[in-house]
There are 8 protein chains.
Amino acid sequence: MSDVSPDLGFARLDLSRPRRTGMAETVYCPGKTAGQLIAILRAFAAAGQSVLGTRCTPDQAEAARAAGLDVAYEAVARVLTLGAPAPATLGRVAVLTGGTADLPVAEEAARSAAFLGAEVTRCYDVGVAGLHRLLARVDEVRAADVLIVVAGMEGALGSVVAGLVEAPVVAVPTSVGYGAAFGGLAPLLSMLNACAEGLAVVNIDNGFGAAVMACRMLRLAQRKASHE
Amino acid sequence: MSDVSPDLGFARLDLSRPRRTGMAETVYCPGKTAGQLIAILRAFAAAGQSVLGTRCTPDQAEAARAAGLDVAYEAVARVLTLGAPAPATLGRVAVLTGGTADLPVAEEAARSAAFLGAEVTRCYDVGVAGLHRLLARVDEVRAADVLIVVAGMEGALGSVVAGLVEAPVVAVPTSVGYGAAFGGLAPLLSMLNACAEGLAVVNIDNGFGAAVMACRMLRLAQRKASHE
Amino acid sequence: MSDVSPDLGFARLDLSRPRRTGMAETVYCPGKTAGQLIAILRAFAAAGQSVLGTRCTPDQAEAARAAGLDVAYEAVARVLTLGAPAPATLGRVAVLTGGTADLPVAEEAARSAAFLGAEVTRCYDVGVAGLHRLLARVDEVRAADVLIVVAGMEGALGSVVAGLVEAPVVAVPTSVGYGAAFGGLAPLLSMLNACAEGLAVVNIDNGFGAAVMACRMLRLAQRKASHE
Amino acid sequence: MSDVSPDLGFARLDLSRPRRTGMAETVYCPGKTAGQLIAILRAFAAAGQSVLGTRCTPDQAEAARAAGLDVAYEAVARVLTLGAPAPATLGRVAVLTGGTADLPVAEEAARSAAFLGAEVTRCYDVGVAGLHRLLARVDEVRAADVLIVVAGMEGALGSVVAGLVEAPVVAVPTSVGYGAAFGGLAPLLSMLNACAEGLAVVNIDNGFGAAVMACRMLRLAQRKASHE
Amino acid sequence: MSDVSPDLGFARLDLSRPRRTGMAETVYCPGKTAGQLIAILRAFAAAGQSVLGTRCTPDQAEAARAAGLDVAYEAVARVLTLGAPAPATLGRVAVLTGGTADLPVAEEAARSAAFLGAEVTRCYDVGVAGLHRLLARVDEVRAADVLIVVAGMEGALGSVVAGLVEAPVVAVPTSVGYGAAFGGLAPLLSMLNACAEGLAVVNIDNGFGAAVMACRMLRLAQRKASHE
Amino acid sequence: MSDVSPDLGFARLDLSRPRRTGMAETVYCPGKTAGQLIAILRAFAAAGQSVLGTRCTPDQAEAARAAGLDVAYEAVARVLTLGAPAPATLGRVAVLTGGTADLPVAEEAARSAAFLGAEVTRCYDVGVAGLHRLLARVDEVRAADVLIVVAGMEGALGSVVAGLVEAPVVAVPTSVGYGAAFGGLAPLLSMLNACAEGLAVVNIDNGFGAAVMACRMLRLAQRKASHE
Amino acid sequence: MSDVSPDLGFARLDLSRPRRTGMAETVYCPGKTAGQLIAILRAFAAAGQSVLGTRCTPDQAEAARAAGLDVAYEAVARVLTLGAPAPATLGRVAVLTGGTADLPVAEEAARSAAFLGAEVTRCYDVGVAGLHRLLARVDEVRAADVLIVVAGMEGALGSVVAGLVEAPVVAVPTSVGYGAAFGGLAPLLSMLNACAEGLAVVNIDNGFGAAVMACRMLRLAQRKASHE
Amino acid sequence: MSDVSPDLGFARLDLSRPRRTGMAETVYCPGKTAGQLIAILRAFAAAGQSVLGTRCTPDQAEAARAAGLDVAYEAVARVLTLGAPAPATLGRVAVLTGGTADLPVAEEAARSAAFLGAEVTRCYDVGVAGLHRLLARVDEVRAADVLIVVAGMEGALGSVVAGLVEAPVVAVPTSVGYGAAFGGLAPLLSMLNACAEGLAVVNIDNGFGAAVMACRMLRLAQRKASHE
């Protein structure tokens, strides 16, 4: 495994990444042909590495299976995985959503975090228009090491949660909504301007990015714990 | 008083407005010279009508006083009044703010509503980053007939309040904030996309407009009660 | 019915809402599978509650019917209802539109308001480019307790109507138009900047939200009348 | 005067313009030093041509006078003129405004049109929030050959006027307003999306541009009349 | 024909328009069902009036024909006409385009202008990247009474043409282009900021609106000529 | 200290915050009068709590000193502190900047993090246009527990750093730049779209928010370490 | 070949272009019917000129072949060519991409540059999130005469490359990405604000435009070399 | 001179830049204190290197002189230079402007290009509204090796010039204008969408960046010529 960046012509794989960053490599599936995706997955399989594919279509997943690759696929999360997930030893991530329409993004976050080694608590449909739903689960929320808050429309859940906990909060605006939501711009701006502290924001609909950010925090904690 | 729209050259006054809409006329002061403002106020004084001036500068107020007009002026609210307010018989408006920086807009709303005949409850600095502050005053909030929610930054207070009450909520985004608040765009979009129902929005920083909207609702209630 | 927020896994229903806010619960249908929608409707049916579904597709409505649910469906308004509407005792809402293309949003508002207990007057296609059409119906417009003004393109109807009546006006910008309408941004900004007072704005195309806002006002009037 | 484009180093004057386009040359004053402006005015004076300066500051006007140039200056319109206006034979332009704050732009339009040879009717402060003010002057408005409608905030006056007349309407959005007016964006979009026909739009605050457009129309009429 | 605004339920026709504005009524076809469109056309046919339908799809046109209406349809311009055009006596409009992709909008302008009574000169594909193409036709361009300049991408043709002629120019930005054209925003802003004078702008892709504006100018000329 | 939220009229202080969130309270100074700021600081002093003021002007700091408060003030960072900082036991935060103009924001982050208990490494002026500057300090960068990347203009430093380390990265776009930087929009979008993983973003110029986010991560690590 | 601008009715061809600008004519294919495209290609074939078609669909290419035209077509680049490319004597252009999804734009650039006479080096998938990939190829990159950097998402590659070389860099933002990429706006702003010097930007996805810009530079070098 | 990146604490100078990129180092002056600027200039003076300061205020220049530094300063261009310019051997750059208000940006470009070794031709005030001004100087324009086109408002000059020459064109949008120019957004979009080929764009008002881009092209030509 001397050459850790095999060049497939259309892509240069980064097989040294797990060693370098401690996390499995991932593949962003949109825009890749079935053939390209299969070639990439085979390279990882050949290297004995697990890999996570995001925004994967059912057709892409089916093509990978038809090519004899032993992949798992979650349709709502649009997540494809090859190989075993990391052992669930990093800590606990809670994923919250404002409404049910945020589910695909939340599940992308939840399944990515689980694949990278986190335990995951799901608190779905606890939007701020009915505060009692969130308050009823506040102990569960406070028990998590890191919070991922997924919300579209006005995106107010991020501020409210960050004000209730002392753990770091990763906010994910979603493109859920219509009209003046402008494809997720409204919750994005809302979360960036949160009056609560201890919250940072990833790209609209980027559940996967939130999961990686959360897991980097948990790995930091793990490293520091092991040094004490 | 046969001619109800005297033409001052630079402006046509609408002296029939109280009769037509049931509410006192108002003057938007920015861009008016002291001379123009004084001429307008004198016309109302001559007609024996009360009038409310918004966004009035201390200099404009001082000039009006120096011209012998018996005006009152509130510096934080930037509100000038001439003549007596309407009797406080319309009902109760609660004005809430997310933070202290929203005060000028909130006071414009509160003083305008009072001038137009409402009783006003102030619940300031009850932003969602510290929910306990709002929850501690929820009874007071629920006791109001109409809510005016004034908030900048992420503007989440509107949604949360609308979910806690059954009264109509008028939301006022403010230009408080910096960076991605973009002059009030963030709370404006947030409030327009509120997942809670029973909330409508006025222009950024438009405390006065919220007060008029609230008072129209109270007058509607008054009319309907008198018809029963 | 001790547990008023049954958790269906993907959603937490708010069966205490009618008791808490005085209005029936509603379901925002987009993004829900037929199975999810049916499960939600069944839960309301089991609780003996009426429910209103907005932005419902014909396919969703058909699936609900096929599942044996006794729903009614209005295709233009994209509104699904289960159970009886509230008795029409709240008062009168007039729904106005600028043009015929605003019809789906206007009908969503009209049918929602009716379901929630309002009597509804429709004044369609009375846009400001032909003022005589609006002026011909001004008595009807002034007879309403609350006005809902639905307009796309330049959205000027809101200002004009708010200047003609003393009742509160809820303005609904629509995404009708092309080019520099930018998906409803033009009428949204226009309505937010209305020089007329007594007008507040809901999200683009949000006919349902306007109806709830109007009905909250009417319920306020009802409450106040009953206290006198 | 063989060389009609004298090069002053920092600018190339277009002295052939009156001959080529039938209208006097104009100078956009912002960003020009007093020295540059004086040099330009002297070149026109030397060529015996009238010239109109727009957006001229009082200091610039004063400097021109101090340099011995026989200029006239209107402070509200920020218009400087040198030499006689064209005879008022082109036809009649009516300039309408929504509110008094639109006055500087309206006066720029009115004085420019007058300088270029139009008769001007002013109908100020006839915004759509009080339709009776506009309707009271509808005969005057209909008597004009061309309409210039100047409005900020929601800019609805353009549509309403275009629906009332059969003459062409030039709409000028202004930067009057605050919050979601976004420096004139709101009335600009509103006017571009006017549901009325027979209206075209110039840049925000561009009263001068509207005047030139109106006068080109009147000159077209004059040319065609002289050919019949 | 005593009732000039028959109410079809979904629309109120304005049969008095030709008498009031001197121009035929028009129908904006998008969003109308075939049934609605046919009902509208039949009402005009019954009143003996010509009518112009814009943005008409081939299916809508086919349905009108199948319903026995004697309509004409131009597929590129997406224009449907019923009844005879006005006699071509108003004057000459030249329609210019920057590129061939602007053709549908240009043809909408050209055919609308012709239907309303103008003679039309077409100067297509004369964009500023190859100035010789425009300069070769400058005499033809200068011979027109009114210019309609249709351009997408950077929209520079408007400024260049307005600098070459003394006639009024109506500029139509188009949504032709990609990337930073942002659906026509680029040419729209470009045309609004044209450094040339004597140009006004209509909505993106609004060829019809440009035609009406041009014809209003020509009718103005006609009226003034008949008064001399 | 039974009442932990004293109400100063204009603000409700949250003295229970250190106990609740483990971090000192902070005051956002803009828009507060000297009197208000002094009253707030005195309340904290009376409660024996440290407090951090952000965006504090020299005049505000001077007024606090003149009122006898024992405050420290850093002019570049615009940070005021009252009371002792937390002991530096949380871990190490590295603050990086693209250029020298990002210094005020970076110093706000650095001093806030230090006040909250972090050790701070400063790597300033290591922008991507001269990669050698960053690569020369890569060991120092990799030695930090959390990275705060402060950059204006194109904001590319965030992506590059996140690709070089395995620690979590908090990115702070700044309003440094001109033209198409649009007040920080360019680096904000750039950072949100970072192709590197493990990065989340706070508001434009929000150095303080980045510090709180970083310290929440370090406190998480501390908590987890103490549980092992 | 006396008439160098044949008018096909819908388009005016510019057959003098090669003589005038030294580069082959090109056809932007979108919006052209197969018939129009074939007519254009035939005119070039008749004139014995090579021509390059961009954004050509497979159907358009197939139609051209079916019409007997001897065209070549590259599906990824969406580039159609007729006739021989220019000899590869201009110099060397390196095309770099951030990721594999940028391939279609990069290939449009690469194939266009090759057709116009450049030698092309491809360095794909060398985005800044894994700097080692770019640094591994830095000699190849520095060996090129002109760099074309194609990147979506945060578009940081432009700055980094411009800082590593002394050759001019043409940056092409792509619409690759989602959420806050806003169709390429993020990398566009990023590249325009590049802190590195020696970089200029073309439209989003405009690989062809970058190739022409690069080749103009190479032709400049060739001209100057031939003059020495 | 072994350490080529001296660290001044607030900045790391890049003294190896001339060797690495062949061009003098430059300093972006805004946001730097007089003390910082003087320290930077002294470091360059000590290293015997010339340096160019952009956006330098008169006060900064005066402070540098008062500190004994032998600097030259051009107030219109806001350019400060220390040390001798490069010999004028690179080739000829023509700088064109649309209007006189673009002068500061154009002079920044012209003086920067001259300092870096180019000969400069100035063609100012040749905007497209008066094409004859540009056409009169077309030979001069065509004689240049590289064109820098500086234009605000609608920015059309870029397209027109790129269509007239075969040399590469660097377009600089300026913030000159008002209203819908939106701080230079209008000419920026216009230039990015130029229908002419052979043009690339730098940031709004970035005259200096255009000069560097132009000089990189000329240096490329010089390198290639020396290799032949």
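Leaving aside neighbours within four places in sequence, which residues is Leu147(C) in contact with? This note on a predicted model starts there.

1. **Leu147(C).** The partners are Ala94(C), Leu96(C), Val141(C), Val161(C), Val165(C), Ala167(C), Pro168(C), Val169(C) and Val170(C). Leu147(C) itself lies in strand β7 of chain C. Its relative accessibility is 0%, so Leu147(C) counts as buried. Take one partner, Val161(C). Leu147(C) and Val161(C) are 14 residues apart along the chain, and their C-alpha atoms are separated by 8.4 Å.

2. **Val120(G).** Now look at chain G. Val120(G) is in strand β6, residues 118–123. Not counting residues up to four places away in sequence, Val120(G) touches Arg92(G), Val93(G), Val95(G), Ala110(G), Ala113(G) and Ala114(G). Ala88(G) is 32 residues from Val120(G) along the chain, and the two C-alpha atoms are separated by 9.3 Å.

3. **Helix α7 of chain A.** This helix runs over residues 157–164. How many of its eight residues are buried? The count is eight of eight, and the helix is mostly covered. The buried residues are Leu157(A), Gly158(A), Ser159(A), Val160(A), Val161(A), Ala162(A), Gly163(A) and Leu164(A).

4. **Helix α8 of chain C.** This helix is also mostly covered, with seven of its eight residues buried. They are Ala186(C), Pro187(C), Leu188(C), Leu189(C), Ser190(C), Met191(C) and Leu192(C). What covers them? From chain C, the cover includes β7 (146–151), β8 (169–173) and β9 (199–201). Other chains take part too: α8 and β9 (199–201) of chain B, and α8 of chain D, are included in the cover.

5. **The largest pocket.** Its volume is about 1,600 Å³. The pocket is lined by 34 residues. Which of them are closest to its centre? They are Leu185(A), Leu185(B), Leu185(C), Leu185(F) and Leu185(G). Next, ask which elements give two or more residues to the lining. The answer is α8 of chains A, B, C, D, E, F, G and H.

6. **How chains G and H meet.** There are 16 pairs of chains that touch, and the most contacts are between chains G and H. Chain G can be laid on chain H by a turn of 180° and a shift of 0.0 Å along the axis, with an RMSD of 0.0 Å. That is the relation of a two-fold axis. Of the interface residues of chain G, 100% are also interface residues in chain H, so the copies meet through the same surface.

7. **Chains that do not touch.** Chains C and F are one such pair, and their nearest C-alpha atoms are 20 Å apart. Chains B and G are another pair that no contact joins. There the closest C-alpha atoms lie 13 Å apart.

8. **An aromatic pair between chains.** Over all chains there are eight aromatic pairs. One to inspect is Tyr28(A) with Tyr178(G). The ring centres are 6.0 Å apart and the planes are at 25°. Stacked pairs need planes under 30 degrees apart, so Tyr28(A) and Tyr178(G) are stacked. Tyr28(A) is in strand β1 (residues 25–28) of chain A, while Tyr178(G) is in the loop between β8 (169–173) and α8 (185–192) of chain G. The pair therefore crosses between chains. Are these two tyrosines buried or partly exposed? Tyr28(A) has a relative accessible area of 27% and is partly exposed. Tyr178(G) is at 18% and counts as buried.

9. **Two positive phi angles.** Most residues other than glycine have a negative phi. Met153(C) is not a glycine, yet its phi is positive, about 50°. Met153(C) is in the loop between β7 and α7 (157–164) of chain C. Its relative accessible area is 25%, so Met153(C) is partly exposed. Asp205(D) also has a positive phi, near 70°. Its place is the loop between β9 (199–201) and α9 (207–227) of chain D. At 16% relative accessibility, Asp205(D) falls on the buried side.

Methods
Residues numbered from 1 in each chain as written. Chains lettered and ligands numbered in written order. Predicted model: local features only at pLDDT ≥ 70, side-chain atom pairs only at ≥ 80, totals over all residues. Heavy atoms only, no water. Phe/Tyr/Trp six-rings, centres within 6.5 Å; stacked < 30°, edge-to-face > 60°. Helix = DSSP H or I, 4+ residues; strand = E, 2+ residues; numbered from the N terminus. Buried < 20%, exposed > 50% of the residue type's maximum accessible area, 1.4 Å probe, protein only. Least-squares fit on C-alpha atoms with pLDDT ≥ 70 in both. Contact = heavy atoms within 4.5 Å. 1 Å grid on protein atoms, 1.4 Å probe; cavity = no way out; pocket = protein on both sides within 12 Å on 5 of 7 lines; lining within 4 Å. Points joined across faces, edges and corners; volume = space filled by probe spheres on them.
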